[in-house]
Structures are given as structure tokens and as C-alpha cells.
Amino acid sequence: MKIVIIGGGIIGCFLAHDLSRYDVDITLIERESDVCDEVSSANSAIIHAGYDPEEHTLKALLNKKGADMYPAICEQLNVDYKRIGAYVVAAGEEEEETLSILYERGTKRGIHMEWLTKDELLEKEPNISAQITKALSVPDTAIITPWEMGLTLIQEAVCNGLSLKLEENVVDIKRNGKQFHVITDKAHYDADIVINAAGLGSAKIMNMIEDTPLFDITPKRGQYFILSKHATDFVKHVLYPVPGKAGKGVLCVPTCHGNILLGPNSEILEEQDNGTSAQGLKEVREKLQKTVTNIPYGEIIHSYAGLRPCGNHNDFFIQASPISQNFIHLGCIDSPGLASAPAISAYVIEQLILPQHVLKQKELYRHYKRITPMKDLSSQQKAERIKKQSAFGHIICRCENISEQEVVDCIHEPCGARTIKEIKKRIRPGMGKCQGGFCEIEVAKILARELHIPLAEVRYDKTSYFMTNKGVSK
């Protein structure tokens, strides 16, 4: 049995990981140079509890299930999971009525929710705006680092036979009897089952095989600010305004690594564009004022934008093709796609694949556990590592306390880093307040040494070179 997964976002990573437990031949094709490099690397990183989706939708079905699955998955893979809780805040009677609807919906789904007065909220979050009158506490809301999750899933899948094809773009798909012939710009792949998990590109993949469109993708852009760790006390929980038609609104979100995200706004685009704009970032600032005060804008270290693949009447599209039960489409996976991801994978396998095929689980399955970063170890544990390998004691990123050996190790992992951005995603050099001003050249030198290439051939990301990125011609 040959299965081809198109798309290496968080959904594709969960599918590759979960299917690698079976005795099947799996290939994952991703057009970028790394997994979780588009939608999954530019979102709010929240495991939403599940009170928000409308009734009788796939979002409602899968959000709560997925959120409940994360703690065990993160523990098994040693991936950061922080249950920090959230407050949904209302300004005035009309918004308080919306809170009541959310409370009723959430409690029906078994989600723990509590009412807070303004004074009770101020004790928890002193920087709440004077406009706020009431709040709902959702203590089971959690945060993760999405690309850390996706990369760790892929590491384990590769250890169990996954064939990972990066920087390959699917250009055509042909039906060949009961099989499919997936054609990329580099190779051809035969498949008994194809799973279209291409995110923003899922409609394009769908149109390669379907006679008539099943869904449309509308890119929705959200822009964010990132605050440095010096602002870590600004908020302690996820802060949501009352959600509206455009989505969950502009949020304040602590991250697993001690930064704070501010955003996103919501912009419907005709074409994909993940650049920030002065107007979009201004909108984030303006809307934040309704929720919080004393915003430490002097601690902004970065801004970015992420795209969400919206559509299908604000619900996920997860169905087999009308032309074949063996071609499965996952379209319009926007928020709460991250929170729903493990449940989406289970739904596809249990509802769409196993009823059609008998898959045998592997007798020998190799577990992969993410190595704990040096900065999270005790002094004794650090000393033991340095004793075994002295390069653990050579710090190359002072902001994030990253050692040379950690960079070397992430280059030589099963799904090893090949660019500066990929190392940044895996272990965070360049994500501190100096934004790589001191460590980026050190990372580039290590990449050149370990990959046996000239420094001028070290790439910053898929399309740019380090030296060009620094203003020096390649």
C-alpha cells in the first residue's frame, strides 16, 4: 500500500506520523524547504478549548477532541505544552450577552468555564483596559510551538520509514486505474491513496483531479507583533476579545518561550501575500486598546503576517473525492486547525481510510523523543552534557542561550536543518532581542562546516542566501 500526502503543515505532519504506525509506504511531498513553514509557522499557537465553533460543524466536532489529545502527545514526544488558561473579555452589555452564548455552548461540550467580574479579572491581569466589564475564564486553553510539534512528529515518522520530499512542487496528478500518478517538478510517485493536505494550495491540488470544484480557498491575512522576553509580565494568560464575524479578534498571547504575541487583524485577500503593512499593524494597535492598556510597544522585536486558508462556509472540508474514495481532500483548515490537528488525522484514518482498507500496525515502531534544550537543564545536567561533548559549553546565541553542539545536532537529525531559518525554527538562535545580530554568522559558519559547502552557499531560507541576505553579493 502506497500513500502520498501532499503538504507538510501541521495536518500533514500528524497524518504522516500516525500513518507511519502502519505497515504502509508513505511519502510526504512539501513544496517548501521544511515542514510547517507556511500557515503552521505564522499563527497564534493556541490550543483553543473548543467553545467557539458553531454547532453541527466539523470544527465543533474536532476542536475539543484535538485539544484533549495534545497533553499526552506532547508528553510522549517531549514537546512544550503549557496550559496557561484564557480570558474572553467583554466590554458592555451587548458583548456580555455573547459571552453567555459562549458559556452555554462550552459547558454543553464539557469545557470548564467560569465567570469573572472586572475586579476579579484585574487581580489576574492588571493591564486589562478600563472598557472591560466582565470575562469568561477558560482554564484549559493551552499553548504550544506549532513548528516544534510538526518537526518532532516528522522526526519520528522518518525514523519509521516516512519518505520526506522537500522542495518539490506538485504540478499534475493523473488517475491510473485504481492508482494515482503524482507528478512533481522533480519526480513521479505512484499512490494507492492520495491525501490532499496542501493548506493554502489545497484548492489547486483539488482542481488537478476533480471535474468540478468542491471548495474554494480564500486567503485571510493576520498580522502580529512579537514582544521581547523583557515584557513577559505584561499578560500571563491568553486574552481574547469577544469573537466577531471576522474571527477571534486581536489577541494577547504568551508563548512557550517567554515572548508575547499581539494580533492578528483579519484581512481578506484576493491573492496570497504574507507581507506586513503599515495599515495592518496600525489596526492591530488600535484594536488592542479596547482589551489592554500599558502595552510595552518599546519591546517589539519583530512583526510578521500569516495566511489562513478560509472557505467552505467557515467550516473544515474533509471528504473523499466523488471520483475515488482513495483521494482525500482536506481543505479550508483555518482556525481552530492547530487545536484540531490530531483529531483531524484520526478522523481521516478512522473514517475515510480504514473502512476502505485493512492496514496492519507495525510490530516494531521506533519512538523519537525531542532532546531537552540546554537552557532548560539544571546546572548539574548541563555540566554532564558538557563533560561528554565540550561544544555544549560553547554558547553561540546569548539571547536564547544556544550552544554550538545544539546547532550541530539539529543539522544531523533525521529531518535535519539545511538553512539558517530551519535552525532558527528548531532551536531558536536569532529569535532573541538582537534578532540574530550576533549569532547568525556563527550559525552560518557551522552550517558551512557541517554540510561541507562554502559560506557563500549557505542559505538563509529556501530562496535567499546568507551572504546576500546580509547585503553581500553571492
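**Close-up views of a predicted model**

View 1. Helix H5 (146-159), strand S15 (251-254), strand S18 (300-310) and H11 each give at least two residues to the lining. S18 supplies the largest share, seven residues. Helices (H or I, at least four residues) and strands (E, at least two) are DSSP runs numbered from the N terminus. By class, the lining holds 19 nonpolar, 18 polar and 13 charged residues; Ala, Val, Leu, Ile, Met, Phe, Trp, Tyr, Cys and Pro count as nonpolar, Asp, Glu, Lys and Arg as charged, and the others, Gly among them, as polar.

The model is predicted: local features need pLDDT of at least 70, side-chain atom pairs count only at pLDDT 80 or more, and totals for chains, interfaces and linings use all residues. Residues are numbered from 1 along each chain as its sequence is written, and side-chain values use heavy atoms, with hydrogens and water left out.

View 2. Buried means under 20% relative accessible area, exposed over 50%, and partly exposed in between (1.4 Å probe, protein chains only). The buried residues of H10 are Glu404, Gln405, Glu406, Val407, Val408, Cys410 and Ile411. They pack against strand S21 (395-397), strand S22 (402-403), helix H11 (420-427) and helix H12 (440-451). Contact means heavy atoms within 4.5 Å. H11 is likewise largely enclosed by the rest of the structure, because seven of its eight residues are buried. These are Ile420, Glu422, Ile423, Lys424, Lys425, Arg426 and Ile427. Just after H11, Arg428 has a positive phi of about 80°.

**View 3. The loop between S20 and H8.** Cys332 is located in the loop between S20 and H8. Its phi is near 60°, a positive value in a residue other than glycine. Cys332 counts as buried, at 1% relative accessibility. Pro336 lies in this loop, between strand S20 (324-331) and helix H8 (337-353). The peptide bond that joins Ser335 and Pro336 is cis, with omega about 5°.

**View 4. The loop between S16 and S17.** Pro264 sits between strand S16 (260-263) and strand S17 (267-268). The Gly263 to Pro264 peptide bond is cis, with omega near 0°.

**View 5. Asn78 in its loop.** Asn78 is found in the loop between helix H2 (58-77) and strand S4 (86-90). Although not a glycine, Asn78 has a positive phi of about 60°. Its relative accessible area is 25%, and Asn78 is partly exposed.

**View 6. Glu96 and its contacts.** Glu96 belongs to helix H3 (residues 93-108). Neighbours within four places in sequence aside, Glu96 is in contact with Ala90, Trp115, Thr133 and Lys134.
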